[in-house]
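Trainee: I have just opened this one and would like a slow walk through it. Could you start with the overall picture?
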Amino acid sequence: MEGTLVALNTGKAGTIEWQGKGVSSAINKEKVQKPLYLSRLNFEGDVQADTVHHGGPEKAVCVYSHDHYSYWEKGLGISLSIPTFGENLTVKGLTENQVFIGDIFKLGEAAVQVCQPRQPCFKVAAKLNQPFMVKWIQDTGYSGYYMRVLEEGRVNPEDSLVLQEKNARGISVEFVNRILYQDKENKEGVKLLSELDELAEGVRSSMKKRLQSFPG
């Protein structure tokens, strides 16, 4: 299984408008036409304006499937440029129901691992001027996902994400989204995620806390 890159994207911090205020964000990324070095933290030249919510090794690479673009264009009634969702990698295929937490992919010289869904924030809503976007993304599960970097290396815009190792636990990004937003009272699912080592620590911790809230 592999996903061909539609675009390799990076961005600088800028200001976007939200509820009458200017907010710092690097969501407005642009396509890159040259090879980039991918480190443990990010692609060279890529900036995370909000390092509390968007930075760190477990959010080094943001991936979004181009397969979803037509859905959003139809639903919003507008044409979307790439990369609308602030993703580093716009890929063909590799949707949330096709990739598992812990899956390892080769990306050019680098090796990357799926570690968590992208949890949508208001900056996507601000960019599209659609205040309901966060809930809509949660409802559809068309969130995109983050990858951690296992091996650093150069990545070309023509490269593909090539599956090297499928995680044996078989827990998809789609499933994680479902437990996060729709099936919150699924104790078995919450427990499963709280014990999934390959899942990003922040999500695992939130699942452990949720597990403690169940009676008995």
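Mentor: With 216 residues, a compact globule would have a radius of gyration near 17 Å, and the chain agrees because its own value is 17 Å; the radius is taken over C-alpha atoms, and the globule rule is 2.2 Å times the number of residues to the power 0.38. This is a predicted model, in which local features need pLDDT of at least 70 and side-chain atom pairs count only at pLDDT 80 or more, while totals for chains, interfaces and linings use all residues. Residues are numbered from 1 along each chain as its sequence is written, and side-chain values use heavy atoms, with hydrogens and water left out.

Trainee: How many helices and strands does the chain have?
Mentor: The chain has seven helices and 12 strands, where helices (H or I, at least four residues) and strands (E, at least two) are DSSP runs numbered from the N terminus.

Trainee: And what share of the residues is buried?
Mentor: Buried residues make up 51% of the 216 in the chain; buried means under 20% relative accessible area, exposed over 50%, and partly exposed in between, with a 1.4 Å probe and protein chains only.

Trainee: Let's go to asparagine 167: is it buried or exposed?
Mentor: Asparagine 167 is buried, because its relative accessible area is 11%, although its place is in the loop between strand S12 (160-165) and helix H5 (173-182).

Trainee: What is it in contact with?
Mentor: Leaving aside neighbours within four places in sequence, asparagine 167 is in contact with Phe100, Ile101, Gly102, Asp103 and Glu198, contact meaning heavy atoms within 4.5 Å.

Trainee: You mentioned H5, so which of its residues are buried?
Mentor: H5 is mostly covered, with seven of its 10 residues buried, and these are Val173, Phe175, Val176, Asn177, Ile179, Leu180 and Tyr181.

Trainee: What covers them?
Mentor: The cover of the buried residues of H5 includes strand S9 (110-117), helix H4 (133-140), strand S10 (145-151), helix H6 (187-194) and helix H7 (201-213).

Trainee: New topic: where does serine 79 lie?
Mentor: Serine 79 lies in the loop between helix H2 (69-76) and strand S7 (89-91), and serine 79 counts as exposed because its relative accessibility is 68%. Serine 79 and arginine 40 are 39 residues apart along the chain, and their C-alpha atoms are separated by 34 Å.
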